[in-house]
There are 2 protein chains.
Amino acid sequence: MPLPRQVFIAVIGAGGVGKCFLSQLSGLATKLSQAPGTPHYISLIWLSTSKKAIYHADYKSLGDWESELQNASKPALPLPELCEYLVKAPGKVVLVDNTSSQDVAESYPMFLHKGISIVTPNKKAFSGSYELWTSIFKAASNGSGTGGYVFHESSVGAGLPVISTLKDLVETGDEVHKIEGVFSGTMSFLFNSFQPTSGGGGPFSAEVSNAKDKGYTEPDARDDLNGLDVARKLTILARLAGLQVESPTSFPVQSLIPKELESCSSGDEFLQRLPEFDGQMDQAKQAAESEGKVIRFVGSVDVPNNKVKVGLEKVDKRDPIAGLKGSDNMIAMYTKRYGDNPLIIQGAGAGGEVTAMGVTADVVKVLRLLD
Amino acid sequence: MPLPRQVFIAVIGAGGVGKCFLSQLSGLATKLSQAPGTPHYISLIWLSTSKKAIYHADYKSLGDWESELQNASKPALPLPELCEYLVKAPGKVVLVDNTSSQDVAESYPMFLHKGISIVTPNKKAFSGSYELWTSIFKAASNGSGTGGYVFHESSVGAGLPVISTLKDLVETGDEVHKIEGVFSGTMSFLFNSFQPTSGGGGPFSAEVSNAKDKGYTEPDARDDLNGLDVARKLTILARLAGLQVESPTSFPVQSLIPKELESCSSGDEFLQRLPEFDGQMDQAKQAAESEGKVIRFVGSVDVPNNKVKVGLEKVDKRDPIAGLKGSDNMIAMYTKRYGDNPLIIQGAGAGGEVTAMGVTADVVKVLRLLD
């Protein structure tokens with residue numbers, strides 16, 4: 001018999017974010033079960049990677065998932081079968097997708113229709129086709145449907161309260177005029193190093209290699225430099241602000257991959273040849289410097305004019321965007337109520353712990369709504 | 001018969017924030033009633049000021065509250081009678097307290113115990129005695145009780161997502177080390193004018209008069225200058241971070257009211273005599289300037305050392321706190337997960353519309369939880 005206020009959690013993905021999340025979930029479960037007056041019981045009943053899965057036919061909680069996963073031999077069920085399995089759980093279910101898989105993203109409407117809630121940092125579902133976006137929120141209880149709930153705070157700015165704040169502004173009737181900022185921890189680190197406000201910085205290609213060595217880029221740095229990650233985040237914010245953005249490639253996105261290197265067959269070859277183009281980036285840097293500015297990789301959504309764009313911009317050295325440190329994100333929301341001085345949210349926008357934090361906080365929100 | 005998903009709203013206070021809130025509520029009610037799939041119906045059934053009230057014995061929605069209130073002659077019911085009235089409403093009730101009344105604040109446990117939810121920007125309940133704090137969260141469903149829900153986002157930083165973010169950090173198991181910033185729109189405006197980072201600024205007393213003329217201070221400017229408003233906000237944040245702060249006067253709070261003027265019988269007399277003390281403030285300004293710094297009115301919570309303090313500090317000119325504009329607040333949260341670069345929230349921390357926005361967004365959260 002299920003405990004009162006027992007909720008079942010299924011998790012896909014046990015990489016960087018996934019591991020941090022599982023650790024936070026375990027702390028949360030302990031805390032909630034001991035809450036005076038209103039204890040909640042969380043049971044982890046499914047954990048899968050792209051290769052294998054651990055779960056029990058009788059929905060028994062997983063124990064030491066780390067060693068169980070290591071010893072596991074069962075392959076993960078196909079998503080429709082996972083859905084069938086979860087629907088039959090003896091209580092409400094939250095599916096946490098800690099992957100960046102397009103396939104899993106496309107299955108959200110199926111899970112939501114069946115009353116299973118979704119919590120995820122995966123950008124793919126919310127920045128893919130507008131059709132997928134619509135079908136997700138048509139199904140979800142916190143959209144216009146009657147299915148599960150869907151929360152995705154960590155899909156923009158990791159654990160920073162960007163999406164919840166933008167939703168609050170819109171829901172309470174504020175008019176969002178512009179959203180602008182630095183939306184990529186990688187790009188932030190890269191340009192803060194390439195052109196610090198205090199001067200200095202090495203050749204662009206050397207800074208890219210440095211960022212990669214420090215673990216700030218994707219395994220293939222081109223996946224950051226093509227601007228698509230930022231374009232995906234802008235797509236999500238623009239849609240929340242009411243724009244019908246068709247896809248993350250339906251507006252101007254500046255790629256920092258030189259045309260001549262688009263055909264490189266590997267990330268290594270790309271990095272090897274990138275120095276040939278350092279001159280171009282140096283020119284841009286000097287052009288900015290001569291105006292007392294620095295270059296930064298910026299994204300913006302202009303709501304009244306229905307314009308989204310992503311790319312290099314010259315930014316005044318005194319602008320808060322110019323003075324960011326490390327791999328910080330900064331998101332400024334200009335609205336009717338906030339006037340000339342925007343509402344600004346700033347802080348680490350990448351990293352396992354802070355991304356998982358947004359996911360765990362969303363799980364708490366769903367638990368409350370499922371009560 | 002109540003409509004499906006009908007929630008009754010009672011509002012105390014129709015001043016600056018109250019009027020903005022009622023206008024936002026009306027927009028929200030229209031939007032929610034037209035939401036495809038999951039319409040909600042909001043009925044405003046009570047509106048009172050300190051002098052009078054409008055409501056109907058049969059819980060009929062108030063129509064044009066502005067003219068109804070003008071023509072009203074009924075005095076407001078005493079709070080216990082209001083509670084009885086609301087308890088008998090044919091549906092769930094949210095009481096919105098848009099006053100800064102200590103009496104109303106002290107009645108929250110009574111309402112919460114009866115299942116009535118509370119939404120408020122009123123700092124008094126959360127920054128008064130620790131006993132009141134405890135009894136509120138012991139009663140509330142989102143505390144350890146089984147009564148109504150309580151939300152108070154706008155009690156710190158107006159509509160800025162400060163309280164919800166701090167709660168998320170704590171709930172998901174992050175360790176909050178320090179909270180620091182500028183928590184008063186009045187103090188922000190005052191010191192941004194008195195000592196801009198770019199130099200200049202008039203005598204302190206002239207800047208106080210200017211801030212008062214522009215509507216940035218309370219009717220009696222001493223209510224801002226005594227530091228108590230900031231101390232109340234710090235009390236709330238410190239408690240949310242886990243410290244048992246007894247009251248807003250149980251830690252060091254620097255008052256900017258010179259000792260000699262504490263006995264002034266009126267705000268006007270105070271303003272008249274304040275120029276006698278401009279020399280002291282000028283000294284502080286020059287001392288900061290000689291170190292390349294500016295003075296700002298700052299509050300901080302040092303969690304591991306259980307220390308809260310409020311007062312003037314010399315701040316490096318390049319520090320984001322020094323560069324604030326207008327009456328902006330800035331709140332920096334240093335945590336284990338965010339490391340050296342804090343999570344920062346910045347923007348207007350006062351004003352009717354942005355304060356009401358936080359209240360309206362909280363009402364939406366309660367509506368979802370009441371489903």
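These legends accompany close-up views of a predicted model. Local features need pLDDT of at least 70, side-chain atom pairs count only at pLDDT 80 or more, and totals for chains, interfaces and linings use all residues. Residues are numbered from 1 along each chain as written, chains are lettered from A and ligands numbered from 1 in the order written, and side-chain values use heavy atoms, without hydrogens and water.

**View 1. The annotated residue A:E218.** UniProt lists A:E218 as "binding site" in an unreviewed entry (numbering as used here; feature names shortened; annotations may be inferred rather than shown by experiment). A:E218 sits in the loop between helix 10 (204-213) and helix 11 (222-225) of chain A. Helices (H or I, at least four residues) and strands (E, at least two) are DSSP runs, numbered from the N terminus. The relative accessible area of A:E218 is 41%, hence partly exposed (buried is under 20%, exposed over 50%, partly exposed in between; 1.4 Å probe, protein chains only). Not counting residues up to four places away in sequence, A:E218 touches A:D223 and A:D224 (contact: heavy atoms within 4.5 Å).

**View 2. Chains A and B about their rotation axis.** A rotation of 180° with 0.0 Å of shift along its axis superposes chain A on chain B, RMSD 0.0 Å (least squares on C-alpha atoms of residues with pLDDT of at least 70 in both). This is the relation of a two-fold axis. In chain A, the C-alpha of A:I345 comes closest to the axis, at 2.4 Å.

**View 3. Strand 4 of chain B.** In strand 4 (residues 92-97), 5 of 6 residues are buried. Strand 4 pairs in the parallel sense with strand 1 (residues 6-12) over 6 bridges (pairing needs at least two DSSP bridges). B:I12 has B:D97 as its bridge partner.
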